[in-house]
Amino acid sequence: MKRILFLTLIFAGLAFYTYQSEELGGIAEKESELKKHKMIDAENLGDMRKISTTSFKLIREDEFFMTGSGELVDGFRLQKFLDILGRMRVRRYLGPEEYNLEKRKYFFDKEALTLTFEFDKGEIVFRLGRKLDFDQSFYMEVTQDGQTKQMVAFDSSPNEGTYDKKNFHKNPEKYLRFKTMLSLKENFFIDTHLFRNEFKTKKIAWKSLSLNNLRNRAFSIDLIAQATTPKAPNGMMVKNEAINNYLQELINFSGQSWLKNGELEDEVASLTIERQDGSSSHIKVFKKYNTQPGSYIHLVEENKILAINPKSIKLFFKKAQDFWDLRAIPTKRPKAMKLSFPEEKEIDVEFNYAKAFKALSPTKIAGEAVNLAFKNLVDLFSVEADQISDLDQASDLSASSYVVNWGGNKMIEGREFHVILKEQEVILANKKLGYKLHYRLDNLNGIGSKLKDFFLK
């Protein structure tokens with residue numbers, strides 16, 4: 001954590017609540033009022049070195065924080081902690097006529113929770129007092145350089161959830177949340193990233209990864225060659241962006257908490273990472289830990305168990321085709337096509353994109369082309385399918401409504417598809433390459449099924 005980040009979130013956030021000073025006449029008066037009510041002196045403190053309460057201790061080492069037990073701190077969790085603290089505001093300070101040592105027991109418990117920030121040049125201690133009965137505010141005490149101030153503070157963060165309007169003004173939820181923050185254990189802050197080194201350094205020096213799960217066929221990705229095994233069908237590209245996005249998801253992946261060694265059951269997925277330096281990591285995903293259902297990851301080499309959010313388990317249920325470009329044709333602007341209906345002559349169709357999409361049949365043997373029908377057909381072929389499957393030529397092609405051949409286009413010359421229309425999907429079947437592309441019908445504009453849908457006689 002950088003010092004400037006801390007100063008922004010805490011010192012700027014915990015400034016005096018200055019709604020009164022906004023009504024002052026001049027800039028000098030405003031500055032004087034702010035200085036008079038300044039809670040802490042953020043200048044000349046140097047770098048922050050430690051954050052501690054009675055239940056946790058976080059120590060800075062270079063650019064990162066470590067727990068008192070030597071575990072790496074999750075920067076995002078610490079950020080969340082500081083964000084909430086940065087929402088605290090001071091409503092007013094307690095004067096000598098309101099507060100003194102004899103009255104202290106009405107403001108602070110003997111074992112009041114404290115939060116201490118240590119810097120190169122001094123420390124600041126926040127002490128949480130009792131909540132006020134008549135609103136959401138609470139008492140707080142701040143000590144810096146031997147000087148202590150007592151104040152009425154409040155949490156300015158947005159309200160969440162639903163409340164009883166009658167008693168909302170004194171709702172204790174925000175106060176209790178802050179109290180819970182000061183009672184957190186070190187485990188809350190421990191970094192739970194699956195690949196700590198890669199996340200920490202922001203570098204991925206991986207050679208390949210292999211994924212196996214119960215739902216899909218096992219596959220691997222050669223990260224150097226940017227290729228999958230099994231390979232994408234002929235004429236279909238691998239999506240480099242999809243691979244890179246998956247790598248980022250993996251190194252940013254964070255679990256919920258580290259668990260003690262225990263018995264894991266019901267393995268559902270596994271992931272193997274091969275690095276360029278010859279090392280490797282093996283990860284297994286389970287659905288039970290000590291008979292308790294859930295989602296858990298076992299880091300084999302480190303022999304560590306990480307509890308994860310069940311929703312995040314989908315990251316380990318990828319399939320090879322998730323990384324393939326599942327478009328029938330790799331262009332949104334094909335120049336021409338051939339359309340063949342059973343017992344009809346093959347029809348040549350050309351497309352023009354100059355001002356607006358326009359379809360034209362040079363021979364005009366079928367009549368005038370319907371632009372919208374052909375535009376929907378072109379759009380279908382140029383967007384990614386929902387999935388790909390093998391073609392059973394004996395049965396699949398018999399259901400074909402018509403055939404589209406993309407002749408006249410250099411990069412897709414001769415690519416031919418049978419269009420199969422079903423109740424809830426459209427299938428583009430490639431006989432030569434042996435695969436079918438599946439599209440959910442509710443994601444598509446109307447697709448023609450007969451010759452009269454495409455031509456006006």
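Two strands count as paired here if DSSP finds at least two bridges between them. Keep in mind that this is a predicted model.

Q: Which residue in β13 stands opposite Ser208?
A: Start with the strands: β9 covers residues 206–213 and β13 covers residues 264–275. They pair in the antiparallel sense over 7 bridges. Within that pairing, the residue of β13 opposite Ser208 is Glu274.

Q: Over how many bridges do β13 and β14 pair?
A: β14 takes in residues 280–289, and its pairing with β13 is antiparallel. Counting up the pairing of β13 and β14 gives 9 bridges.

Q: Which residue in the hairpin of β13 and β14 takes a positive phi?
A: This hairpin has 4 residues between its strands. The phi in question is near 95 degrees, and the residue that takes it is Gly278.

Q: Which strands stand at the edges of the open sheet of 8 strands?
A: Read the order across the sheet: β19-β18-β17-β22-β23-β24-β25-β21, with antiparallel pairing. On average, neighbouring strands here are turned by 25 degrees against each other, direction ignored. An edge strand has a single partner, so one of its sides is left without a neighbour in the sheet. That describes β19 (358–360) and β21 (387–390).

Q: Which residue of β25 is the bridge partner of Ile388?
A: β21 pairs with β25, which spans residues 435–440. The two run in the antiparallel sense over 4 bridges. For Ile388, the partner in β25 is Leu437.

Q: Is His438 buried or exposed?
A: His438 has its place in strand β25. Its relative accessible area is 10%, and anything under 20% counts as buried. So His438 is buried.

Q: How far apart in space are Leu299 and Leu194, C-alpha to C-alpha?
A: Leu299 is found in strand β15 (residues 292–299) and is buried, with a relative accessible area of 5%. Leaving out residues up to four places away in sequence, it touches Leu194, Trp258, His282 and Lys304. Leu299 and Leu194 are 105 residues apart in sequence, yet their C-alpha separation is 8.3 Å.

Q: How many aromatic pairs are there, and what is the angle between the planes of Phe76 and Phe199?
A: The count comes to 26 aromatic pairs. Phe76 and Phe199 form one that is tilted, at 6.0 Å centre to centre. Phe76 belongs to helix α3 and Phe199 to helix α5, 123 residues apart. The angle between their planes is 50 degrees.

Q: What share of the 457 residues in the protein chain is buried?
A: The chain has 9 helices and 26 strands. Of its contacts with a separation of 6 or more, 60% are between residues 24 or more positions apart. The buried share of the 457 residues is 46%.

Notes:
Residues numbered from 1 in each chain as written. Predicted model: local features only at pLDDT ≥ 70, side-chain atom pairs only at ≥ 80, totals over all residues. Heavy atoms only, no water. Axes fitted to C-alpha atoms, helices over the stretch in contact; angles between N-to-C directions. Buried < 20%, exposed > 50% of the residue type's maximum accessible area, 1.4 Å probe, protein only. Contact = heavy atoms within 4.5 Å. Phe/Tyr/Trp six-rings, centres within 6.5 Å; stacked < 30°, edge-to-face > 60°.
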